[in-house]
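User: I am new to reading protein structures. Please take me through this one in short steps.

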Amino acid sequence: MSSRTSWRARAGTSLLAVLAGIGAFTAPAPAQADPRPEGTQSVTYHGYRIEVPAGWRTVDLAENPRACLRFDRPTVYLGEPAEQSDCPAGIVGRTAGIVVEPITARSSDRATAATARTQRGKAVAPSAVSGNGTIQIAVEDAGVLVTAAHTPKTEDLVRGVLASAELTGDAERTALTTAPRRADAAPLAAAGPQPGTYTGKGFDACTAPSQAAMNAWQASSPYSAVGVYISGSFRGCAQPNLTASWVTSQTGNGWHLIPIDVGRQAPCTNYSLKMSTDPATAKAQGVTAAAGAITAASNLGIPAGSAVYSDIEAYTSTASCKAAVLSYLSGWTERLHAGGYLSGFYSSAASGIKDAASEYGNPAYTRVDHLFYAWWNGAADTDTGSYVPSSYWSDHQRIHQYAGEVTETWGGYSINIDRDYLDVGNGSTPAPSCSGANLDFTAYPTVRSGSTGTQVKAAQCLLKAAGFDPGTPDGIFGPDTTAAARNFQAAKGLSADGVVGAKTWTALLSRGSTPTVQSGSTGEAVTRLQRALTAALGRTVAVDGVFGPGTAQAARDYQSSRGLAADGIVGPATWGALQSGR
């Protein structure tokens, strides 16, 4: 992150070069011509060949293993990423880029459910989906994992490059695999909500450091928190180290994570990805960004209760620009709250942070939970000077980026970082109200289009609270409720049929914070658990908010039937299963 914008001229020139190549994938080649489209270059690695615009750089990671995988200038990177020690902390934004690396245990660890796999004998996966501005394809017949970064403007170009892929005679098959985990192994997840409760120094870097670097810095540096770019289609660097295993290892070692999303920027900037000047549209864009951030956090094992920070770089404020930014943040905050997360906001203290503070009590905007502000005054504290009154966001809700783009070496590992000082606490997310709707039933029957009654009203209320609007909860399952149910199911990875059955009920009823509860626990989390277990098991679990013997037995039965440790203690793994509709 950076409060400076000197990179823009370079990025703008590069983007024009990228877009100029789009036609290369649409015009047919003349008869008996060079088989490569005009204005392109052929790039081959491990028997996988693609045609890319002639202006793109090619970096051989075998020759330059510490090269930074940066996407702010169009580049193809070939080989296995190494230490990434050359990444400047201040990279912001992207044009397009492709990483082609061998399939190994390390690269397989970054594959997700969204990773496409090509068919035997093929190098193209036509149905590959994009998430957070990234398309990932496992070309197993060439033994390579292809990660393609893009913006909305360059997605067609990048898909054109991927569509040009073919196998050569040097291709050798390696299947994408994930190392099996023992049944009794701890789930890959952060040690708790992030950044958690912490006061002290931290740093952020463009790319998550390697395990070796993190170990060395933990042993010798003054830092105990690290900023990681988990999501957003405007991230400038690749993240070859950032996996659920990495998250588990760092938090298990005592590091606090600062999860960061880099998405749309203020409309009064020259960035290529901007939010709308229309407040309603900007708010909807914030909702979409938050949904992507929740998915990314969940995939990395960063649990509900964590704060995720939207990175909106410095801008010269105007009334309309301010309204757009605060509307975007309202949507961002509301969607994160619906998913059980806290909302954070990173910006320059003199622009975005100052604007947010000026509307602190304005009910037209939903206030963010945490501030992460760039004010490079060299003071390791959370004072905000004249930018924010000291009484605002004063309950352990601040991170101060007090110095930027400095290189430090600890334990033999050099990283270009921004220096941060944190005073943060777990806090709590507001639970959207379902007043007027009964949620406590002895059974949660399947409801669908045409259904009516109190269970339908409950489903509508839960969908609305989760950020998927079914219209007014009226107990009538109409088209809007069907659409909301489908969207919720898609977000949870469930079959998006618009029918609220056992799996959808379970995910809806369990949504919210995920504290560990067990025999003797009481309160709202126990109530949610009892409802969700009733839906998941198909039998009545008394909903009284008290974790007694009946609830303990139901929890053990659920855990056993889902392949979890059947100890009757409901922690992150059990909540995760319930909230995914298992």
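Analyst: A term comes before the tour. A crossing is left-handed if the near helix is turned anticlockwise from the far one by less than a right angle, and right-handed if clockwise. Note also that this is a predicted model.

User: How does H9 pass H11, in a left-handed or a right-handed crossing?

Analyst: Helix H9 covers residues 454-465, and helix H11 covers residues 502-510. Their axes lie 10 Å apart. For H9 passing H11, the crossing is left-handed.

User: Which word describes H9 relative to H11: parallel, perpendicular or oblique?

Analyst: Two packed helices are described by the angle between their axes and the distance between the axes. H9 and H11 pack at an angle of about 55°. Angles under 35 degrees count as roughly parallel, and 65 to 115 as roughly perpendicular. The pair H9 and H11 is therefore oblique.

User: How many residues in the contact of H9 with H11 are nonpolar?

Analyst: H9 brings Gln 455, Ala 458, Ala 459, Leu 462 and Leu 463. H11 meets them with Trp 505, Leu 508 and Leu 509. In the contact of H9 with H11, 1 residue is polar and no residue is charged, while the nonpolar ones number 7.

User: Is Gly 478 buried or exposed?

Analyst: Gly 478 sits in the loop between H9 and helix H10 (479-492). Its relative accessible area is 16%. Buried means under 20%. So Gly 478 is buried.

User: How far apart in space are Gly 478 and Val 456?

Analyst: In sequence, Gly 478 and Val 456 are 22 residues apart. In space, C-alpha to C-alpha, their separation is 10.0 Å.

User: How many residues in the contact of H12 with H13 are charged?

Analyst: Helix H12 (residues 524-537) and helix H13 (residues 549-561) pack at an angle of about 50°. H12 contributes Leu 529, Gln 530, Leu 533, Ala 536 and Leu 537, and H13 contributes Thr 551, Ala 554, Ala 555, Asp 557 and Tyr 558. In the contact of H12 with H13, 7 residues are nonpolar and 2 are polar, and the number charged is 1.

User: How many residues of H8 are buried?

Analyst: Helix H8 spans residues 349-358 and is mostly covered. Among its buried residues are Ile 353 and Asp 355. The cover includes helix H7 (319-338), strand S15 (342-348) and strand S16 (370-374). Of the 10 residues in H8, the buried number 7.

User: Which residue forms a salt bridge with Glu 101?

Analyst: Side chains of opposite charge can pair when their charged atoms come close. Glu 101 is buried, at 2% relative accessible area. The closest N and O atoms of its salt bridge are 2.1 Å apart, and the partner is Arg 110.

User: Which strand holds Glu 166, the salt bridge partner of Arg 49?

Analyst: The side chains of Arg 49 and Glu 166 meet in a salt bridge at 2.6 Å, N to O. The pair links distant parts of the chain, 117 residues apart. Arg 49 is in strand S2 (residues 48-53), while Glu 166 is in strand S10.

User: Where does Glu 140 lie?

Analyst: Glu 140 forms a salt bridge with Arg 117, with the closest N and O atoms 3.3 Å apart. Arg 117 lies in strand S6 (residues 116-117), so the pair ties together parts 23 residues apart in sequence. Glu 140 itself lies in the loop between strand S8 (134-139) and strand S9 (144-149).

Note on methods. Residues numbered from 1 in each chain as written. Predicted model: local features only at pLDDT ≥ 70, side-chain atom pairs only at ≥ 80, totals over all residues. Heavy atoms only, no water. Buried < 20%, exposed > 50% of the residue type's maximum accessible area, 1.4 Å probe, protein only. Helix = DSSP H or I, 4+ residues; strand = E, 2+ residues; numbered from the N terminus. Contact = heavy atoms within 4.5 Å. Salt bridge = Lys/Arg side-chain N within 4 Å of Asp/Glu carboxyl O. Axes fitted to C-alpha atoms, helices over the stretch in contact; angles between N-to-C directions. Parallel < 35°, antiparallel > 145°, perpendicular 65-115°, else oblique. Nonpolar A, V, L, I, M, F, W, Y, C, P; charged D, E, K, R; others polar.
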